[in-house]
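Colleague: Please take a close look at one residue for me. Start with the chain around it, then zoom in.

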Amino acid sequence: MDKKQLLEELKSEGFSEDIIKAFEQVKREDFVPENLKEFSYIDEPLSIGKGQTISQPYTIAFMLNLLELKDNLKILEIGSGSGYVLALINELSKNSKIYGIERIKELAEISREVLKNKNTEIVHGDGSKGLKQHALYDRILVSAAADKIPKKLLEQLNYNGILVIPVRNSIISIKKLYRENKIKEYPGFVFVPLIEE
Ligand code: SAM
């Protein structure tokens, strides 16, 4: 599959024009290892080394859609891996503060280099309890599966903010509200685990 076909496929899934445009702008091949570059536009996860993967484009589009991105936000991605999703967020949310946290040092370093001209900051560390130093966030995206929703992440979310997190095999979106949080669950996804240190 080439980039054009992937974009067509995402379009046929009904994702917004903004999301399709972001996938068009960002080169996935910049985020995959040399030996896998020819597979950059198949709609599958790909190995990025250290036992980790760059997520499937469809799954990424699904999560970005739930994040309801707009400009002028503070955004955190936990498990930023190759940096591909951060680059997409950077396209979808202008004039925002965009942070990534990644526990594998080599991946944090490689992604920092690839994204050096983008408006993103990547921290090397355990993000299972969020990234307190820059909280509160308007959006938190977790790119690895937790066993349950970590309470600390909700504490680091602004009111009216959105947390999108895979919990076991479901993607959960939570809108933090003053009264009762609005929670939705979408089953049928597979993620690498969120490692809790
Ligand atoms: N969004 C990433 C991308 O675009 O490449 C996807 C990366 S992969 C599906 C999930 C990442 O979560 C892995 O790189 C893994 O090392 C990281 N991870 C797992 N547990 C973590 C934790 N507690 N803190 C930070 N990163 C973590």
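Modeller: Of the chain's 197 residues, 50% count as buried, meaning under 20% relative accessible area with a 1.4 Å probe, protein chains only; over 50% is exposed, and in between is partly exposed. This is a predicted model: local features need pLDDT of at least 70, side-chain atom pairs count only at pLDDT 80 or more, and totals for chains, interfaces and linings use all residues. Residues are numbered from 1 along each chain as its sequence is written, and side-chain values use heavy atoms, with hydrogens and water left out.

Now the fold. The chain has 6 helices and 9 strands. These are DSSP runs, numbered from the N terminus: helices are H or I with at least four residues, strands are E with at least two. The C-alpha atoms fill a box of roughly 45 × 35 × 35 Å along the principal axes. Take contacts (heavy atoms within 4.5 Å) between residues at least 6 apart in sequence: 46% of them join residues at least 24 apart.

The chain exposes about 10300 Å², and carbon and sulfur atoms supply 46% of that. The areas come from the Shrake-Rupley method with a 1.4 Å probe.

Now the close look, at Asn-90. Asn-90 sits in helix α4, which covers residues 84–92. Asn-90 counts as buried because its relative accessibility is 11%. What does Asn-90 touch, not counting residues up to four places away in sequence? Its partners are Ile-98, Lys-118 and Asn-119.
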